[in-house]
Amino acid sequence: MHNIGLSYTLLLLVIAFPIVHGSFDRGVNGGVDCATCTIIVGVVEHLSILYNESIVSSLERFCNYMPSPFKLYCKEAVEFLGPIIVDGFLNKETPDVICHALKICTDDAGQPECRLFPKKSASPLSIAQRGLNLRHRHRSLLSLSDSKACTLPGIREICKILENVFNNHIPLMDFDGDHFGTESSLRGSSWRGKDCNDFSRNIRPGARSVKGDPVLDQNCNGIFGLDSATGRPWEEEFCNDTQRLGIAVLGDSISAHFHIPEQWLDARQLSVEVFEHLLFILENEIDWPQLSGVTGHINITWPNVEGPTRSLYSRLFDLDHCNHRDYQNIAVNGANSKSILTIAKSLTRDQQNDVPLLVIYSLVGNDVCNGHEDTIAHMTTVEEMLNNTLNGLAYIDTVLPKGSHVLTTGLANGSLLYQLLHDRIHPLGHVGTPITYTQVYSYLTCLQISPCNGWLSSNETLRDLTTQRAVDLSAAVRNATYTYLPRNFDVAYLDFPFEQAIKEWEAQGGEAWQLIEGVDGFHINQYGHGITSDVLWAWLQENKPHWLPSVNPHNVDIERVFKDQGGY
């Protein structure tokens, strides 16, 4: 299952923030490949500054931070590319120039020059010309034409299945085909409740118990067998009188909890420890659904993420332990109102044999966010949003059992992002010459790979137009929500509560920027997920209390008999 080569390729690619939008071919002037190369080479230079050492030593240090299986691939790439990187820095070239020398960055016709790092000399030559001059000093590289990342030694042999991994929204390890697996990553139990029998489609999280599960745990909630004192099944004694309810989310990278550890870009924080769980992080698509505000179910102490997990699922579990493992995170980086119609088909529920489900239908950004230069022309229209939402609701009506609930949300107000971060220092700029978020946003916009040209822009008019489109699309979602007449669920709409979450956070003494991801400056971080979950849960308690189960009086008994119910 663990494909080391695949994961190393992903390491090179994930540093380029726009991977979240699901396309490796987008962009100009080298696009994602160019950004990836420039950032990694910049981190190596920062290591040399921080430790006052040669570039050769910093390259070796960088590879030695990798978990041992990854070092081979790293060192193979360094052996091939190291000489030109060292030569470039010795001649006071920037990472931009070096990546042009490698022909990973290009200058496409009619496109402006894209630069992340400031010039080190007053030379009138362009970045491309300086890169060409550097390249000509290394004859062995002249045979490489257009050096896409996946053509380079140490990388190319493991790129073939990359796209397949990012397009796969069901567990890779799923022998019975019920869309629940036993492994935690690769769309396994980080995303959906852990399967307790991967050789039977009828045994899965969310299923109704069969005659009280006297022998087998049919619903994987860890409660089965007979009470020897009464002769009755434990499931009947502990769960028969409760309102079992699972939870699922259909969404984008916000719901998936996209998070690039800032330690990977900040030379001061690079260490063996921050890469210890690299394989797991990459196999989860750089998403952290197990910590998210809807389906989070564990707390971790890794150095890659900070903050406690508070989620809707964990609160449902606290109310009734019979809901153990009944969660599904059907969220995909880059999803929008059109693509979710396909993604939703991986949602699993049996209308006759499973318990009801609470579904959060939340697409908060990608219908207005894209990296295109003419970004407004590529936004979803109001009519498209209305029809897509109606079609989405109609589809899940064919999947959900009667008694289910659906909560749709509007788009987030992303205009806050630029206001909160534009003049702050980006993690990449903590060593060497400071780099602000405005510089990073502008660089990604130049390459046409920005996660959101409309909002991550210094152009206030463009930000306002993007916000207005988001408001209009949110109105379309609300209209669709109350126009559609469901057969199997009741439905409600809520404006995405990010602004309310900020108010709650500030009331606790925090500052709004602390809720935003440090690397991409676009998503909410772990603290943001927790506080947003607080707001969502409070809204449900106040406005839809009948959707929520009552407290199970047997929770203490379940803990006594079944401990952690098999865990996650």
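Asp 266 is buried, with a relative accessible area of 1%, where buried means under 20% relative accessible area, exposed means over 50% and partly exposed lies in between, using a 1.4 Å probe and protein chains only. Its partner in a salt bridge is Arg 268, and the closest N and O atoms of Asp 266 and Arg 268 are 2.8 Å apart; a salt bridge is a side-chain nitrogen of Lys or Arg within 4 Å of a carboxyl oxygen of Asp or Glu. Arg 268, with a relative accessible area of 47%, is partly exposed.

The model is predicted, so that local features need pLDDT of at least 70 and side-chain atom pairs count only at pLDDT 80 or more, while totals for chains, interfaces and linings use all residues. Residues are numbered from 1 along each chain as its sequence is written, and side-chain values use heavy atoms, with hydrogens and water left out.

Side chains of opposite charge can pair when their charged atoms come close. Across the whole structure, a search finds 14 salt bridges. One of them joins Asp 350 to Arg 204, with 3.9 Å between the closest N and O atoms. This pair links distant parts of the chain, 146 residues apart, since Asp 350 sits in the loop between helix 12 (340-343) and strand 3 (357-362), and Arg 204 in the loop between helix 7 (162-167) and helix 8 (234-239); helices (H or I, at least four residues) and strands (E, at least two) are DSSP runs, numbered from the N terminus. Asp 350 is partly exposed at 25% relative accessibility, whereas Arg 204 is buried at 7%.

Another salt bridge connects Asp 534 with Arg 315, and here the closest N and O atoms are 2.4 Å apart. Because Asp 534 belongs to helix 18 (residues 526-543) and Arg 315 to helix 11 (residues 312-319), the pair ties together parts that are 219 residues apart in sequence. Asp 534 counts as partly exposed, at 22% relative accessibility, and Arg 315 counts as buried, at 16%.

The buried residues are Leu 312, Tyr 313, Arg 315, Leu 316, Phe 317 and Leu 319, and what covers them includes strand 1 (246-251), strand 2 (327-331), strand 3, helix 18 and helix 19 (555-562).

Two packed helices are described by the angle between their axes and the distance between the axes. The axes of helix 11 and helix 18 come within 9 Å and cross at roughly 50°, the axes being lines fitted to C-alpha atoms, for helices over the stretch in contact, with angles that run from 0 to 180 degrees between N-to-C directions. Helix 11 and helix 18 are therefore oblique to each other, given that angles under 35 degrees count as roughly parallel, over 145 as roughly antiparallel, 65 to 115 as roughly perpendicular and the rest as oblique. Leu 312, Arg 315, Leu 316 and Leu 319 of helix 11 make the contact with Ser 533, Asp 534, Leu 536, Trp 537 and Leu 540 of helix 18, contact meaning heavy atoms within 4.5 Å.

Helix 18 also meets helix 17 (residues 498-507), with axes that come within 9 Å and cross at roughly 105°, which makes helix 17 roughly perpendicular to helix 18. In this contact, Gln 500, Ala 501, Glu 504 and Trp 505 of helix 17 face Tyr 527, Ile 531, Thr 532 and Val 535 of helix 18.

Finally, Thr 38 is found in helix 2 (residues 31-51) and counts as buried, at 0% relative accessibility. Leaving aside residues up to four places away in sequence, Thr 38 touches Pro 95, Asp 96, Cys 99, Cys 105, Leu 116, Phe 117 and Tyr 443.
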